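Open the model in your viewer and keep the selection tool ready. Follow the stops in order.

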Amino acid sequence: MEIRGKASARTYRGALVALLAGAVLLTGCGAGGQTDRATGGGAQRADEDQQAPMPPDGGGRPAEGAEGDRGEGREGEQKDDAQRDFAPAPDYLSTFALDVDTASYGYARRSLSEGRLPAPDSVRPEEFVNSFRQDYPRPGGNGFSVTVDGARAGNEGGDGWSLMRVGLATRASTRTAERPPAALTFVVDISGSMAEPGRLDLVKESLGILTDQLRDDDSLALVTFSGEAETRLPMTRIDGNRSRIHDIVDSLEPSDSTNVEAGVRTGYDAAVDGRRRGANNRVVLLSDALANTGETEADAILERIDSSRREFGITLFGVGVGSEYGDSLMERLTNRGDGHTTYVSTSAQARKVFVDQLPAHVELRARDAKAQVAFDPQTVKEFRLIGYENRAVADEDFRDDRVDGGEVGPGHTVTALYAVRLKEGASGHVATATVRWLDPRIRAPHEATGTVEAGALDRDLWAPRTAPRLQVSAVAAYFAQRLRGAETPGAPRLGDLAERAGSLARSTEDASVRQLAESIRSADALLD
């Protein structure tokens, strides 16, 4: 489903209250950062601590059916209650929690490689887009850079629409040795379903590799679960214990049923008991997430994660495996656990996650990060956020730091794509994108802002001079939308999309884009 930017006048009043509260919260949070113009016809980015401008109107929750340029309900017009219900005022705000998950795309690729389409409700466009490398500038400090650009959506079904990209990036870790020590609790599913090739065997291989990669001052705990959960290794320093850890990992064998609730509960107990001050404490859940014993509903399992997150700051990283995979459960667990998910099905993918990413990414750059995009009602007729439905945040909660956001580590990028239709002849300012986050250590709030003007959206999306990474983002988003049966303005047919992906793979020399082209071709064949 695509989210349109419209809202009732009732939420207008609530948003005004929130904006006043936001002004109080921002008092003392430096707001003097200067905006740096980037090349590209009006696209701009800005560095940390530039306070967001006031949104064009009060904003509020989306409501379908009202055009922003109709005579009724325009900004500033006063209506009585009956008229407000009949003609809601336009909403030009879009707010969501950041998300660096990629599991949806990984699992879709696995399904397509096996000759079957992924379930539409397992397809999340933002996770497809965030699976690909971006070229955003990195900030100098521990916050975010904000880049906003875009292009016309193309002639085929474009109908005046453009694609606008909001790109956020954190500073990468320079050397693993510079990070604080890690205290990692691995919760490993050893249920009967994990006996399938590419499940427990892949997990054991991954843990073995990681054990050799971790530093001597890191710590590791290991919990396994099937029908019940067992702590195989309490929190233990790596130094002098690598052989012992390898022996325990090598001894893991699949058992019977899948009690995810027992595994999560015991894993968090082990993480809390072994928590190290000054270290990055994290639980890593490795499972196909096909719960069939004990508490199988996510809400009950989430209670344990939520209390440990709030009290001890322990985050959750979910690694999904298996041709049958409980995607929804894993995603909900990690969202509540202030973490993210990924999916692996090959040794190469596992090595990338456990060797290249996890040791460097146990540190956080930002907690409870949210983004808010304010569109200008003078230039924008309509907009649609592509994806992020389950990460939506009420507009008035953007600067309420009690409201949960997303956690982002070093070197991550987050991309949000909007379909935007400008008013005829519009020029000048189109949108302002603001990201707000809390410092992971002292929880002080910070913001960074970027803007974009109409000229930056005027180029052809598929023209040679358009940024290749913007084109890759568009291909990934259009592909995801097609898989879940959603229409997107300007989206090519799958066959044409596969050709564009193939061309981008050659020009970027990026193997992941080549794999994207292969997945699109597989989907096109299955949908014929």
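Start with the whole surface. The chain exposes about 20,900 Å² (Shrake-Rupley method, 1.4 Å probe). Carbon and sulfur atoms supply 45% of that area. This is a predicted model, where local features need pLDDT of at least 70, side-chain atom pairs count only at pLDDT 80 or more, and totals for chains, interfaces and linings use all residues. Residues are numbered from 1 along each chain as its sequence is written, and side-chain values use heavy atoms, with hydrogens and water left out.

Next, select residues 200–213, helix 5, and residues 242–250, helix 6. Their axes, lines fitted to C-alpha atoms over the stretch in contact, lie 10 Å apart, at an angle of about 175 degrees (range 0 to 180, between N-to-C directions). The two helices are therefore roughly antiparallel (over 145 degrees). Show side chains: the contact (heavy atoms within 4.5 Å) includes Leu 207 and Asp 212 of helix 5 and Ile 245 and His 246 of helix 6.

Last, select residues 468–483, helix 11, and residues 511–527, helix 13. Here the axes come within 11 Å and cross at roughly 25 degrees. Helix 11 and helix 13 are therefore roughly parallel (under 35 degrees). Among the contact residues are Val 472 and Phe 479 of helix 11, with Leu 516 and Ile 520 of helix 13.

Conventions
Helix = DSSP H or I, 4+ residues; strand = E, 2+ residues; numbered from the N terminus. Parallel < 35°, antiparallel > 145°, perpendicular 65-115°, else oblique.
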